[in-house]
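Hi,

Here is the structure I promised to pass on to you. Have a look at it first, and then read my notes below with the model open beside you.

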Amino acid sequence: MEFALEDINRHPTTVTKQSVHVHRRPSERVNTQADSEVNLGDIDLREGQHGDSSASASAPVFAGFGENPSLPPVDEVVLLFHVAYVVQSLIQTPLILQGWNAWRFCASAFAFELFIWGWNNTYGIFQDFYSKNPPFNGSSSAAISTIGTASLGIQYFELILAIILYQRYPEYARPGMWISLVVCVAALFLSSFATKTWHLIILLGFVFGFSAGLLYSPVMIWLPEWFVARRGLATGIIFCGSGVGGFIFPFMMGYLLEYAGFRWTLRIWALTFGLCCAIAVLGLKPRVPTRKPSIEFPRQPWRPRDLSLLKSPVLFGVIGITVIQALGFFPVSLFISTYTSSLSSAKLPPLLVLSLFNVAAALFFVLFGRFSDSYPYPYVIMASGIGCALASFIFWGFASSLAWIFSFAIVFGGFGGAFPTIWPVAASEIGGTHNHITNIALGCFMSAEGLTSIIGPIIAASLRNTGTKAKATYGGFGFKSVELFVGFMGVVTMIGGFILLFYSTSKRKVKV
């Protein structure tokens with residue numbers, strides 16, 4: 001049997017003073033053979049903070065060991081493996097019994113990712129439409145791009161604040177989701193009546209972005225409760241929803257924009273978004289029922305009492321690597337349709353390249369998620385950096401035909417788009433058994449991504465030579481500096497993953 005010791009430390013039903021009590025009968029002789037066999041009937045599992053509130057907070061970890069002086073001492077190393085084996089057995093049973101609930105949560109979170117972040121990945125289609133059609137074609141490209149940039153940045157950046165809020169007031173998480181959903185639908189519907197670009201910036205950029213972030217944030221809080229050993233795989237499945245949405249929606253939105261106009265497109269999308277997300281909310285629940293605050297179980301403080309875990313070099317390392325990786329990723333997600341339009345005047349290639357870009361990310365989300373369950377996640381970081389660097393330097397640099405740019409979209413979209421898969425695994429390493437620290441670390445990663453989603457495109461736009469609109473052997477249409485910048489960010493990401501490998505202690509497995 002193989003199990004990860006860290007999984008025991010990370011599991012919501014943590015081996016703490018409130019959780020597992022091993023009782024031995026006083027007449028039982030403690031020896032090597034007896035120590036190698038643990039009678040499950042002698043184990044009293046108490047859920048403590050995750051179950052019956054009657055569990056004593058002051059109970060000893062192992063009743064009987066060290067309390068009765070007549071019992072001989074037990075070797076601590078042997079005891080560790082015995083307890084690990086027992087807890088692993090105890091963990092497996094509820095996972096089998098509650099497996100349907102866990103995967104229902106996963107499917108519902110996938111739907112959220114599909115409709116919220118998949119919609120974000122489709123904004124390039126709307127940006128192109130707004131810039132070419134009245135009443136918004138008179139606005140600058142910077143003003144039009146602010147709509148999608150503001151929405152995306154707010155959703156990323158506010159997650160850390162929403163996580164802290166809902167961890168202190170967990171009873172408001174589900175009501176907050178319903179209220180946020182109503183606001184999202186209202187913002188989409190009202191934006192269909194917009195006549196000025198600033199109307200769209202306020203409704204689709206700020207109002208939708210803020211409410212969508214609040215709608216999505218409970219997913220990140222409850223994910224560590226439902227999945228431990230398969231957290232990487234579950235994260236990959238959930239996150240790939242954005243790629244699937246980014247593959248389907250460009251074709252759907254492009255068709256609706258052409259034949260129904262942007263007003264009816266937004267109204268149809270508001271109805272679809274509201275109905276599908278409402279169904280998904282029904283399947284999104286915490287594994288641990290929310291209890292009312294009491295003296296025994298007080299509210300989570302705004303600021304964690306122990307900040308030592310948040311001083312981990314892994315936290316700052318992953319934040320730094322996330323910033324570097326995102327600086328190279330978001331310019332590509334913004335300009336890849338523009339570059340394709342320069343290669344071909346047809347309407348289909350820009351839609352197809354964006355769809356390939358997103359569906360590649362969806363496939364790599366599952367692949368990277370499964371890989372991070374079995375191997376140290378810095379390997380995923382290094383693979384992402386190498387893949388992005390080679391794709392940018394070679395496929396994009398020499399992209400003088402649609403075949404080259406399609407190949408670039410698949411390679412870069414897969415290796416770069418699936419990078420966020422490492423966030424929950426890295427956050428779990430930082431927080432350990434403290435889920436509130438794990439969630440805060442995850443919020444820090446996403447906030448860093450949100451800030452960079454605004455800065456990255458600005459840097460890339462300043463590097464682009466708009467005066468050059470012709471093909472070239474390398475770096476055509478004025479994108480040479482952008483391509484080199486993106487590739488260099490990939491190289492730095494790879495180096496960062498290699499350095500992090502020496503600080504990370506993830507996935508040290510033991511066979512027993």
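**What I found**

If we leave aside neighbours within four places in sequence, Ala173 is in contact with Tyr166, Pro218 and Trp222. Ala173 is found in helix α8, and it counts as buried because its relative accessibility is 3%, below the 20% cut-off. Ala173 and Ser217 are 44 residues apart along the chain, yet their C-alpha atoms are separated by 8.9 Å.

Before you go further, please keep in mind that this is a predicted model.

**The chain as a whole**

The protein chain has 18 helices and four strands. Of its 512 residues, 54% count as buried. The accessible surface comes to about 22,500 Å², and 66% of that belongs to carbon and sulfur atoms. Now take the contacts with a separation of 6 or more: 83% of them are between residues 24 or more positions apart.

**The core**

Which residues touch the most other members of the largest nonpolar core? They are Phe112, Tyr130, Tyr216, Phe273, Trp396 and Phe445, out of 123 residues in that core. Helix α9 (residues 197-226) gives the largest share of this core, with 14 residues.

Apart from neighbours within four places in sequence, its contacts are Phe115, Ile116, Leu181, Cys184, Val185, Leu188, Phe208 and Leu215.

Start with helix α6 (residues 141-157). It has 17 residues, and at 1.5 Å a residue these should span 24 Å; the end C-alpha atoms are 24 Å apart, which agrees. If you try this sum yourself, multiply 1.5 Å by one less than the number of residues. There is also a bend of about 30° in α6, at Ile147. Ile147 is one of the buried residues of this helix, which also include Ile144, Gly148, Leu152 and Tyr156.

Helix α17 (residues 435-463) can be checked in the same way. Its 29 residues should span 42 Å at 1.5 Å a residue, and the end C-alpha atoms are 42 Å apart, so the two values agree. This helix has a kink of about 30°, centred on Thr452.

**Two backbone features to look up**

Most residues other than glycine have a negative phi, and most peptide bonds are trans. With that in mind, look at these two places.

- Pro134 and Pro135 are joined by a cis peptide bond, with omega at about 10°. Pro135 is in the loop between α5 (123-132) and α6.
- Phe477 is a residue other than glycine with a positive phi, near 60°. You will find Phe477 in the loop between α17 and α18 (480-500). Phe477 counts as buried because its relative accessibility is 6%, under the 20% limit.

Back in helix α8 (residues 173-191), you will find Ser191. Ser191 counts as buried, at 0% relative accessibility. Not counting residues up to four places away in sequence, Ser191 touches Leu200, Leu203, Leu204, Phe262 and Leu266.

Next comes Gly236, in helix α10 (residues 231-259). Gly236 also counts as buried, with a relative accessibility of 0%. How far apart are the C-alpha atoms of Gly236 and Phe364? They are separated by 8.0 Å, while the two residues are 128 residues apart along the chain. Beyond residues up to four places away in sequence, Gly236 touches Phe365, Val366 and Thr421.

Is Leu271 buried or exposed? Its relative accessible area is 56%, so Leu271 is exposed, the cut-off for that being over 50%. Leu271 and Leu188 are 83 residues apart in sequence, and 9.0 Å apart in space from C-alpha to C-alpha.

Enjoy exploring, and write back with any questions.

Best wishes

Technical notes:
Residues are numbered from 1 along each chain as its sequence is written. This is a predicted model: local features need pLDDT of at least 70, side-chain atom pairs count only at pLDDT 80 or more; totals for chains, interfaces and linings use all residues. Side-chain values use heavy atoms; hydrogens and water are left out. A nonpolar core is a set of buried Ala, Val, Leu, Ile, Met, Phe, Trp, Tyr and Cys residues joined through side-chain atoms within 4.5 Å. Buried means under 20% relative accessible area, exposed over 50%, partly exposed in between (1.4 Å probe, protein chains only). Helices (H or I, at least four residues) and strands (E, at least two) are DSSP runs, numbered from the N terminus. Contact means heavy atoms within 4.5 Å. The bend at a residue is the angle between axes fitted to the seven residues ending there and the seven starting there. Accessible areas come from the Shrake-Rupley method with a 1.4 Å probe; for residues, only the protein chains shown count as cover.
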